[in-house]
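Student: I have a model open and would like to go through it with you. Could we take it piece by piece?

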Amino acid sequence: MGRELLVVWAGRHQRKGWDDLCGDYRRRIERFAPLRDVAVKSREVASSPGRPEAEARALLAALPEPCWTVALDRKGKTFTSEELADWLERRRQDWPHPIAFLIGSDLGLPPRVLAGAREQISLGPLTLPHELARLVLYEQLYRALSLSAGINYHRGEF
C-alpha cells in the first residue's frame, strides 16, 4: 500500500445518496492506498459572518502533520486523467506522508486555506456543489490509481 490519501471536506450536512456513491469509489481506492474521508463542520449558523473562518479552522485542524495539502478550486491547475495519474504517482513516491485533498462548503474554501495549500487543482472551470466535487474527486482518484496500476478502467482517446 502507498501513502495515505485524505479527502477533507466542509459540509453543512451529509446526504445518504452522496455517501453511497462516494462509498463505492472509496472501496475501490482502498485496494491501492489507505484512504480517510473526513467531514468537518464549522458549528456556525449558515448566514453567520464568522462561518468562513470557522470552516478554515475546522479544515486545518483535521489535517495530520505533516501532509501534502491540495486545495480543490476552480481556479487551480487542471489535469487530464493521465496527467493526474502521473502527478499522484510522483507525489506518492516522493512524499512519505499523507496527501490531503481539501474541498470547501457551499462558500468555497476560505482564502487562508487556499493560500496555505501546497497546490491548488481544479476539476474544471464550472462551480460544482461540494457533494458533487467530492464524488468527482473520488472517481478521478480511482481512475488515476487504476491507470498507475495498469488496470483496464480508463478508456483513452480513440
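Student: Where is proline 66 placed?
Tutor: Proline 66 sits in the loop between α2 (51-61) and β3; helices (H or I, at least four residues) and strands (E, at least two) are DSSP runs numbered from the N terminus. The model is predicted, so to speak of local features requires pLDDT of at least 70 and side-chain atom pairs count only at pLDDT 80 or more, while totals for chains, interfaces and linings use all residues. Residues are numbered from 1 along each chain as its sequence is written, and side-chain values use heavy atoms, with hydrogens and water left out.

Student: And which peptide bond is cis?
Tutor: The one from glutamate 65 to proline 66, with omega near -10°.

Student: On to the sheet: what is the strand order?
Tutor: The order is β2-β1-β4-β3-β5, an open sheet of 5 strands with parallel pairing; two strands pair if DSSP finds at least two bridges between them. β2 (35-40) and β5 (119-121) are at the edges with a single partner strand each, so one side of each has no neighbour in the sheet. From one strand to the next the twist averages 30°; axes are lines fitted to C-alpha atoms, for helices over the stretch in contact, and angles run from 0 to 180 degrees between N-to-C directions.

Student: How many bridges join β3 and β5?
Tutor: There are 4 bridges, in the parallel sense, with β3 spanning residues 68-77. Alanine 71 stands opposite glutamine 120 in β5.

Student: Which strands does α3 touch?
Tutor: Helix α3 (residues 81-94) touches β1 (5-10), β3, β4 (99-103) and β5, where contact means heavy atoms within 4.5 Å. Its direction makes about 130° with that of β4. Helix α5 (residues 130-149) lies across β1, β2, β3 and β4, at about 170° to β1.

Student: How do the axes of α3 and α5 cross?
Tutor: They come within 8 Å and cross at roughly 75°. The two helices are therefore roughly perpendicular, a term for angles of 65 to 115 degrees. Residues meeting there include Leu84 and Leu88 in α3, and Leu141 and Ala144 in α5.

Student: Changing topic, how much space lies in the largest pocket?
Tutor: About 470 Å³, a volume being the space filled by probe spheres set on grid points joined across faces, edges and corners. On a 1 Å grid over the protein atoms alone, a pocket is an open set of points where a 1.4 Å probe fits, with protein on both sides within 12 Å along at least five of seven lines; lining residues have an atom within 4 Å of a point.

Student: Which residues lie nearest its centre?
Tutor: Leu72, Arg74, Gly108, Thr127 and Leu128, out of 22 lining residues. The largest share, 4 residues, comes from β3.

Technical notes: Angles under 35 degrees count as roughly parallel, over 145 as roughly antiparallel, 65 to 115 as roughly perpendicular and the rest as oblique.
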